[in-house]
Amino acid sequence: MQNKSFNPKVILFIAAFAAFIATFNETYLNVAFTPIMSDLLIDENTVQWLTTAYMLGAAVMVPVSAFLYRNLKTRYLFLGSVGLLIIGSIIAALAVNFQTLLIGRIIQSLGTGVLIPIGMNITLEAAAPQVIGRYLGIVGAMTTLGPSLSVIVAGGLLSVSSGNWHILFWVFTALCALCFISALVKLPNIAQLTKPKLDILSTILISFALIGILYAISTSFAGNILISAISAVVGIVCLVIFVVRQNKIPNPLINLKPLGVRVFRIGVIINMISLIVIFSMNIVLPIYLQGILGADAMLASLILFPAILLSCIVAPLAGRAYDKRGVKVLLPLGFILITAALIAIVMTISSGLMWLIALLYIPVICGSALIIGPVQSFALSRLSPDIIPHGVVVMSTGFQIAGCIGSSLFMGIYSVFVASGTGFIYAALLAAAFAFVGIILTVVIGRFEHRKADSVKSV
């Protein structure tokens, strides 16, 4: 290790800050979709690309982050990633049309795709074994707090600026600048540089795989069935070739050995399910509150505030509980809360009682807070030390893919049924179905808690 004199708490602060701003920006525009659609004369299927393209760009960059992390000094890589967020934010703030706004978001996404795995890696490097759950619980809390709190901040800013969405990007630029300065002053070079080579063909394959599959999901709801089918086929073929190549070449872009560990594999899926629920509801619910129930941006944000506030308390407590008692109770409890609350929201949404929606949304967000940090800690703990960094890349890639699915799939369902006023109901029912699958998987993973890790198998 290049620098052993660092303060673990300082590293944790910087990693948590990075996780916060990266995930904060993923749903930051959700409350602004309504004024953006009105201002730029676009529809729901078009505006959702501000989220989908952001997630997609980040998903493509995550695999490359492992190469960058082992080739560039930690400080320079971190500062460069935050710098991309700043540049993209300025471009978006100055945008006068959808194309420029989308370009700004894509540039932001390139920074996010590197920043999230960097934050997780430096946390693992800094944390002592006995506090890994606590540390990842705090970072996990930021990945829950970020996309949830962003809706409130955006709503407040839109209210005081009479719907001027440009101000959102200027405020985010300032937030990124604080993160940049913190890293510039305090972040040491802590990564061990091994100088791996970048496999260009693998990078191209995974990019086409992710873009093809996720673009297919988005276009399928716009009526472009042929384009969607072709895109899906191209994506799946590229993904199969990519996996085969990773298992054959000596220095793969993504070392897939972690997925050969059954417990880790299930943990990644559980984490993705929880994130899909978070992202989908944080996008669809504000749009429903504004478009159907007539709430303004500020009120829509305040409805989500109690859940977000409590999740900030629950997530660190979940990390402590994991360090002491493991995941056997935490994970099922989290998904049971999510499933029950979403069904209750569906059953009562027609009443239009916003205080009731605010109350029922609390177990949705807090349930996810019980899951994300503990399942990440547990899944990574089942890997041998030499493949943990590769496990971080796999986990981070899953994070971004979950965001893409959460935004494109659920916004597509919402837009199809929005005319009949049932768009939110169908989206929420699908989210509840995802959570129910999560309950089943947590029972399975709980059986492995006191066993030795599975042997690594080829993927």
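Author: A residue is called buried at under 20% relative accessible area, exposed at over 50% and partly exposed in between, with a 1.4 Å probe and protein chains only. By that criterion, 60% of the 459 residues in the protein are buried. The model is predicted, so local features need pLDDT of at least 70 and side-chain atom pairs count only at pLDDT 80 or more, while totals for chains, interfaces and linings use all residues. Numbering runs from 1 along each chain as its sequence is written, and side-chain values use heavy atoms, without hydrogens or water.

Helices (H or I, at least four residues) and strands (E, at least two) are DSSP runs, numbered from the N terminus. Buried in α13 are L330, L331, P332, G334, F335, I338, T339, A341, L342, I345 and V346. An α-helix has 3.6 residues a turn, so residues three or four places apart point the same way. The cover over the buried residues of α13 includes α11 (262–291), α12 (297–325), α14 (354–381) and α16 (423–446).

Across the protein there are 16 helices and zero strands. Its radius of gyration is 21 Å, close to the 23 Å of the globule rule for 459 residues, so the protein is as compact as a globular protein of that length. That radius is taken over C-alpha atoms, and the rule is 2.2 Å times the number of residues to the power 0.38. Of contacts (heavy atoms within 4.5 Å) between residues at least 6 apart in sequence, 85% join residues at least 24 apart.
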